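Trainee: Please take me through the salt bridges of the protein shown here.
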Amino acid sequence: MSDSSDKKGKAPKRNEDESGAPSDSGNEAGKKLPAKFASLLLEQNPALKSELATMDKDKAAALLHNMDLSQMLTGLAVGGKNQKDMASYKFWQTQPVPAFEEAGKEQITQGPIKIIDPEKGFEWCTLDLTNEEELKELYELLNKHYVEDDNAMFRFNYSESFLHWALMSPGWKKEWHVGVRATKSRKLVASICGVPTELRVRGERLKVTEINFLCIHKKLRSKRLTPVLIKEITRRCYLRGIYQAIYTGGIILPTPVSSCRYYHRSLDWLKLYDVGFSPLPHGSTKARQVTKNHLPSETSTPGLRPMESKDIDAVYDLLERYMRRFDMNQAFTREEIDHWLVYKKQPGKDQVVWSYVAEDPETHKITDFVSFYNLESTVIDNPKHDAVHAAYLYYYATETAFSDDKKAFKARLQLLINDALICAKQARFDVFNALTSHDNPLFLEDLKFGAGDGQLHFYLYNYRAAPIGGGINEKNLPDESKMGGVGIVML
């Protein structure tokens with residue numbers, strides 16, 4: 001047996017192999033590469049090959065000719081497989097490291113490539129929403145940088161009262177109100193928030209975090225803060241033993257468990273037309289549209305009145321039974337009914353939620369319940385109006401849902417929701433919005449809701465479930481046969 005091989009695994013030395021490659025001995029470093037050998041190595045170094053492809057042909061040839069063996073071997077893995085993939089190459093293009101083409105320069109100025117200013121960094125913060133100043137900071141961030149329509153005409157305007165209501169529900173966790181501040185200015189530049197809740201998904205009860213208000217300052221949207229924010233709130237939820245979450249979005253992400261469509265009912269059609277929210281249909285007139293969207297001045301459901309604290313137990317019982325009819329629904333507690341549905345007037349606070357019950361005049365039993373909440377949108381660059389006051393259909397329930405008479409159920413629901421429209425009109429709302437979730441396909445078209453151009457996709461984090469119906473068919477239209485899926489409202 002020959003002992004010419006080194007026991008440490010090195011190959012025997014030789015002067016030249018069949019390809020014409022120079023010796024791999026140390027004294028060969030710095031020698032220029034024969035063209036044939038350079039071409040072979042280039043095929044196994046995709047990062048360098050990609051950069052050369054973007055350069056002028058003569059410049060690339062000159063650079064390749066001037067590179068020595070040690071430079072060319074950079075990035076090659078044992079066995080001829082390159083461990084540096086294109087994704088990592090693109091990343092390093094953005095970093096302060098020397099570019100390949102610098103290797104051909106005779107003189108290189110030694111020193112830092114980029115001067116790092118630690119004052120330009122960012123840091124985590126936990127928002128204290130019991131502090132009016134920090135609540136206002138979150139309001140201002142969302143007001144200027146949160147969700148806009150595709151044409152940048154409208155932007156959600158979550159009031160401070162709304163944020164207090166939405167983020168301080170029973171069991172809320174301060175550490176789930178996450179912010180990012182600029183280190184130097186202390187300015188709030190990003191947020192993501194969560195509140196605890198419980199879901200039922202096809203009968204299985206889950207403790208989840210409801211994620212909302214993921215917002216990043218417009219000037220920082222190239223910084224890839226979104227995945228960092230998601231990882232941070234995920235980490236904070238894990239520390240509390242919560243491993244699942246629910247969230248929504250207007251765009252497709254991996255992978256929706258359900259999708260619903262937005263529908264809109266005009267309450268002040270002329271204003272909606274003025275701000276560009278509602279078009280004038282071909283062949284119609286403004287007067288016809290106003291007449292078409294006219295509503296009675298008084299409600300028609302017998303015994304309908306605003307919900308009070310004394311109604312909490314009755315509404316809790318009715319709503320719980322009603323909600324269990326849906327594949328995915330929120331499992332309320334009595335304390336949550338009190339928080340989410342009962343309006344408690346407070347000095348200096350805007351009303352956020354409107355809730356009504358129908359009390360049987362003879363038995364005094366609560367037979368029906370309906371609610372909606374206030375979420376206005378800022379009108380961007382309109383000389384006449386600065387806001388659209390929008391009511392969003394929230395939760396509702398009716399005893400007729402438990403009868404075998406589907407026709408009576410549909411009629412009762414249409415009566416109840418039509419009264420909700422009247423109440424919203426009386427409260428000076430401009431538009432009433434609803435999704436195709438719950439039993440909404442039973443009334444959307446009959447009550448003159450118009451199809452919107454937006455979808456709302458529902459996502460479950462760390463939980464696999466078969467697709468859940470969103471009340472729409474393959475033509476993206478409300479379909480009564482597709483109901484029974486989504487029974488949760490996300491703010």
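The questions and answers below go from overall counts to single pairs.

Mentor: This is a predicted model, in which local features need pLDDT of at least 70 and side-chain atom pairs count only at pLDDT 80 or more, while totals for chains, interfaces and linings use all residues. Residues are numbered from 1 along each chain as its sequence is written, and side-chain values use heavy atoms, with hydrogens and water left out.

Trainee: How many helices and strands does the protein have?

Mentor: Helices (H or I, at least four residues) and strands (E, at least two) are DSSP runs, numbered from the N terminus. On that basis the protein has 13 helices and 17 strands.

Trainee: What percentage of the 491 residues is buried?

Mentor: Buried means under 20% relative accessible area, exposed over 50%, and partly exposed in between, with a 1.4 Å probe and protein chains only. Of the 491 residues in the protein, the buried share is 45%.

Trainee: How many salt bridges does the structure hold?

Mentor: Side chains of opposite charge can pair when their charged atoms come close. The criterion for a salt bridge is a side-chain nitrogen of Lys or Arg within 4 Å of a carboxyl oxygen of Asp or Glu. The number in the structure is 22.

Trainee: Glu-137 and Arg-181 meet in a salt bridge; how many residues apart in sequence are the parts that the pair ties together?

Mentor: The N to O distance between the side chains of Glu-137 and Arg-181 is 2.9 Å. Glu-137 belongs to helix H6 (residues 132-145) and Arg-181 to strand E3 (residues 177-182), so the parts tied together are apart in sequence by 44 residues.

Trainee: Which residue forms a salt bridge with Arg-200?

Mentor: Arg-200 is in strand E4 (residues 188-201) and its partner is in helix H11 (residues 312-323), so the pair ties together parts 120 residues apart in sequence. Both partners are buried. The closest N and O atoms are 3.2 Å apart, and the partner is Glu-320.

Trainee: Where does Glu-399, the partner of Arg-321, lie?

Mentor: The side chains of Arg-321 and Glu-399 meet at 2.6 Å, N to O. Arg-321 lies in helix H11, 78 residues apart in sequence from Glu-399, which is in the loop between strand E14 (390-398) and helix H13 (406-426).
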